[in-house]
Amino acid sequence: LAGTHIICDRKFLLECKNSPAARTPPCCLPQTPGVTSLAQSSLVKLEELKERNESKEAMPGEQPRHVPP
């Protein structure tokens with residue numbers, strides 16, 4: 001078999017984990033809803049759940065409480 005066999009020691013791999021390059025996504029990464037970003041339907045569902053929770057918390061005749069982000 002022909003090819004290149006790359007050997008990395010444990011210390012090197014652990015150091016790479018903390019590298020700034022390892023923490024940023026590649027510049028050409030496509031936006032795939034549900035994979036690399038939240039799915040559009042998930043955002044809509046989150047908003048609906050938030051509205052339901054706010055309406056349940058408010059008592060009849062009482063104004064809904066505003067919770068700062």
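What percentage of the 69 residues of the protein count as buried? The answer is 3%, where buried means under 20% relative accessible area, exposed means over 50%, and partly exposed is in between (1.4 Å probe, protein chains only). The protein exposes about 7000 Å², and carbon and sulfur atoms supply 60% of that area. Those areas come from the Shrake-Rupley method with a 1.4 Å probe, and for residues only the protein chains shown count as cover.

Keep in mind that this is a predicted model: local features need pLDDT of at least 70, side-chain atom pairs count only at pLDDT 80 or more, and totals for chains, interfaces and linings use all residues. Residues are numbered from 1 along each chain as its sequence is written, and side-chain values use heavy atoms, with hydrogens and water left out. The mean pLDDT (the predictor's confidence in each residue, from 0 to 100) is 76 for the protein, with 71% of its residues at 70 or more.

On to the fold. There are three helices and zero strands, so the elements read α-α-α from the N terminus on, taking helices (H or I, at least four residues) and strands (E, at least two) as DSSP runs numbered from the N terminus. Confidence is highest in helix α1 (residues 10-17), at a mean of 90, and lowest in helix α3 (residues 40-57), at 76.

Side chains of opposite charge can pair when their charged atoms come close. Here the side chains of Lys 11 and Glu 15 meet in a salt bridge, at 4.0 Å from N to O. The rule asks for a side-chain nitrogen of Lys or Arg within 4 Å of a carboxyl oxygen of Asp or Glu, and by it the count is one salt bridge. Why can these two reach each other? They sit four residues apart in helix α1, which means about one helical turn separates Lys 11 from Glu 15. Lys 11 is exposed, at 57% relative accessible area, while Glu 15 is partly exposed, at 46%.

Finally, the cysteines. A disulfide needs a pair of cysteine sulfur atoms within 2.5 Å, and the count comes to zero. Cys 16 is in no disulfide, and the nearest cysteine sulfur, that of Cys 8, lies 7.2 Å away. Cys 16 is partly exposed, at 30%, and Cys 28 is exposed, at 66%.
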